[in-house]
Amino acid sequence: MKYMKNWLALSIWLFFCFAFPAVTLAEEQHQTPDVLPVQVLGINDFHGALSDAAFLSSNLAAETNAFKTKNQNGFSFRVQAGDMVGSSPVNSSLLQDEPTIKAMNRMSFDYGTLGNHEFDEGLAEFNRILTGTAPSKGVFNLETENYPREASTQQMLIANVRIGFIGIVTKNIPDLVSKKYYEEYSFLDEAETIAAYSQELRNQGVQAIIVLAHSGQGETIIHKLNQIAPEHSVDILFDGHSHKEINTVTGKTRIVQSGANGNFFSNVTGYLDANTKDFIETPQAQLKRVDRSIQKDPAVETITTDADQQIEGLANQIISYADTTILKKENQWKESALGNLVADAQTAIAVKEGFPVEGALVNTGSLRADLTVESDRSIRYGAAHRVQPFGNPLYVVQLSGKQLTELLNQQYQNNQKNSLQIAGISYQYTNYYDPKQPYILTKLMKKNKTVIAPDHLVTVVVNEYIYTSTVFNPILTKGKLLGVLENNDTDAFIHYLKEQKEHGQSLSPKIENRKSYTPFHPENDFSYHTHVQDYGWQPYVTNAQTSGTTGKYKRLEAIQIKLNASIDGTIQYKTHIQDYGWQGWREKNALSGTTGKSKRLEAIQIRLNGALSSYYDIHYRVHSQDYGWLGWAKNGQSSGTQGFSKRLEAIQIKIVKKNTALPVNNRAPFIKK
């Protein structure tokens, strides 16, 4: 185990290092001509897609036969670039993906690398299914215990030209997997790791090198590799993770990625020179869609049929009802009907287990499929399992309103890759000026729309991925962990659906605007106007525009300020009036000052409250009789004069991002006798 950990710490995966040595080379076995034609057929992100695996197998066989017919002395082999298993259909997932191992054996895949989904239940469990070891009794369902498993047979020997393979997995595993499944390991920079092992292979006389990378960043990695190790000898990179169709060349390296779920495959061909031990030129590639019009491979189809039969009784149990399939697709505000249902389910099950839970947070990435509803309105066990297949433990955490707001704000960082589905709470949010935080919460509420104050305590349930993630864990650990549910997320969802059926209730979740977006543009979403001596009310202006007059000796007599957006918070203001002194605070376009009494304004204070005050400052300055424009004031400071009987003549107001500094050589904003 220590040896395995050492390789993991280097972020290097060479031919499924659980079952094979750290570096595998094609050893000399037979005499070959000077030039050896080579074909590499590759897939990625198969995700246990057994239903169409027999078509994929037939397509691969046809490509191999065509190549061998044309190249009698050629060699063809097959590779996969990670996520072979995990997030799989029920005919694979309910059997711990062991049927997929069988299918990959029948399709003669020689080597692969790990993807993030191989970590879903820990590398020990992946090693178990890879080696064909029976699980301990009672850990999984009876169908899995009784399944006729077999070990992976991936292996490779090539004639007398040596080819080296390097396998890597994305360094972003900590953002994709529960902490307990990766905390023993370190994940290093992909390009730097390839550079190191490419040199090691070259030191052994290997010039032809193929990288199997589950990264989704193949072009970026090779671009960096070209910069830090321009003499590298990486000829082909088979990529995965982003589920894209890619066929390109960066520098001298061919890069391919073949979609996902066995719908595409890559056919890469090249010629190895027995003298230089390298490809003569950058290999060529074709990205091919699987042809489903040809005959299926009967050997692979038998595996699929058997898997279907093994799980048929369990998968087809009716556990609930609904009128239509419930979709995981999010609206533009990142809310989905399925997400609401799953979050509601976790909340309800937590309460049933005796926890004082008020809501739930569910990462959108844990929703792996729509909840399919059959024509008879039934929802089957297999469909529900497909929605939440990971079996993540559920944690109950007590947070303050401030901590929960901070946590929810994390969704809107990193291009919103960490969106959450919510239950028991709702919130309003708005756009923000920080490119690293383009949106922020402005109001957090309970289900009954009661505002959750920063110091109010809220108890929520989250899955283990959220609780241990590098994004959310630093905030969650500031709260109080109350316990762990007996049900994991898969079981909680299924039990909740069963309860609805038992209570005679049909499911009808919908998007409920639990997340409400209110745009706010400080440059024009507020306005103000003044009542000027002899002229009366002036038109509304905004964003540091002048309201009032200069050079005309006219006094300001009153002001109104309004917010032109529904964002949480208000603009409050009060004025110092001739003979009356300071008046009370006004807001929401209420008049501060007087009209028809010929009383001058002498000073003003303006401030923000609510969410506005958390994220923005308000700056303002006045033009005062005899003094001209005074300096800028902010956030409730006094601006103008007091005790000198000087009139205000004009004002400018602007809302700026929080902690924006006042001008360096700012004049005093307020003069008092």
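## How α10 meets α15

How are α10 and α15 oriented to each other: roughly parallel or roughly perpendicular? In this predicted model, the two helices pack at an angle of about 90°, their axes 9 Å apart. Angles of 65 to 115 degrees count as roughly perpendicular, so α10 and α15 fall in that class. α15 spans residues 489–502.

The list of residues at this crossing is worth a look in the viewer. On the α10 side you'll find Leu338, Leu341, Val342, Asp344, Ala345, Gln346, Ala348, Ile349 and Lys352. They meet Asp489, Ala492, Phe493, His495, Tyr496, Leu497 and Glu499 of α15. Sorted by class, that makes 10 nonpolar, 2 polar and 4 charged residues.

## The cores

Several of those names come back in the largest nonpolar core, which holds 76 residues. Met107, Phe119, Leu341, Leu371, Phe493 and Leu497 have the most contacts inside this core. Helix α10, residues 337–352, gives the most to the core, with 8 residues. Another core lies apart from it, with 32 residues that include Ile606, Leu608, Ala611 and Val622. As background, nonpolar side chains tend to be buried together in soluble globular proteins.

Which residues does methionine 107 touch, once its neighbours within four places in sequence are set aside? Its contacts are Phe46, Ala53, Leu56, Ser57, Leu60, Arg78 and Val300.

## Around α4

Val300 also turns up where helix α4 (residues 98–106) packs on helix α9 (residues 298–315): the contact is made by Pro99, Lys102, Ala103 and Arg106 of α4 with Val300, Ile303 and Ala307 of α9. The angle here is about 170° and the axes are 9 Å apart. Anything over 145 degrees counts as roughly antiparallel, so that's the label for α4 and α9. By class, the contact has 5 nonpolar, no polar and 2 charged residues.

Just after α4, serine 108 takes a positive phi of about 60°.

Helices α7 (residues 190–203) and α8 (residues 218–228) give another kind of packing, at an angle of about 55° with axes 8 Å apart. The contact uses Glu190, Ala191, Glu192, Ile194 and Ala195 from α7, and Ile221, Lys224, Leu225 and Ile228 from α8. These residues divide into 6 nonpolar, no polar and 3 charged.

Helix α12 (residues 401–409) is a case of burial: 7 of its 9 residues are buried, so α12 is largely enclosed by the rest of the structure. The buried set is Gly401, Gln403, Leu404, Thr405, Leu407, Leu408 and Asn409.

## Loop residues to look at

Where does aspartate 83 sit? Aspartate 83 is in the loop between β2 and α3, with phi near 55°, a positive value in a residue other than glycine. At 2% relative accessibility, against a cut-off of under 20%, aspartate 83 counts as buried.

Asparagine 589 also has a positive phi, near 70°, and lies in the loop between β28 (586–587) and β29 (592–593). Is asparagine 589 buried or partly exposed? Its relative accessibility is 22%, so asparagine 589 counts as partly exposed.

Threonine 518 belongs to the loop between β21 (515–517) and β22 (526–532). At 8% relative accessibility, threonine 518 counts as buried. Leaving aside neighbours within four places in sequence, threonine 518 is in contact with Tyr429, Thr430, Asn431, Ser566 and Ile567.

Methods. Residues numbered from 1 in each chain as written. Predicted model: local features only at pLDDT ≥ 70, side-chain atom pairs only at ≥ 80, totals over all residues. Heavy atoms only, no water. Core = buried A, V, L, I, M, F, W, Y, C linked by side-chain atoms within 4.5 Å. Buried < 20%, exposed > 50% of the residue type's maximum accessible area, 1.4 Å probe, protein only. Helix = DSSP H or I, 4+ residues; strand = E, 2+ residues; numbered from the N terminus. Contact = heavy atoms within 4.5 Å. Axes fitted to C-alpha atoms, helices over the stretch in contact; angles between N-to-C directions. Nonpolar A, V, L, I, M, F, W, Y, C, P; charged D, E, K, R; others polar. Parallel < 35°, antiparallel > 145°, perpendicular 65-115°, else oblique.
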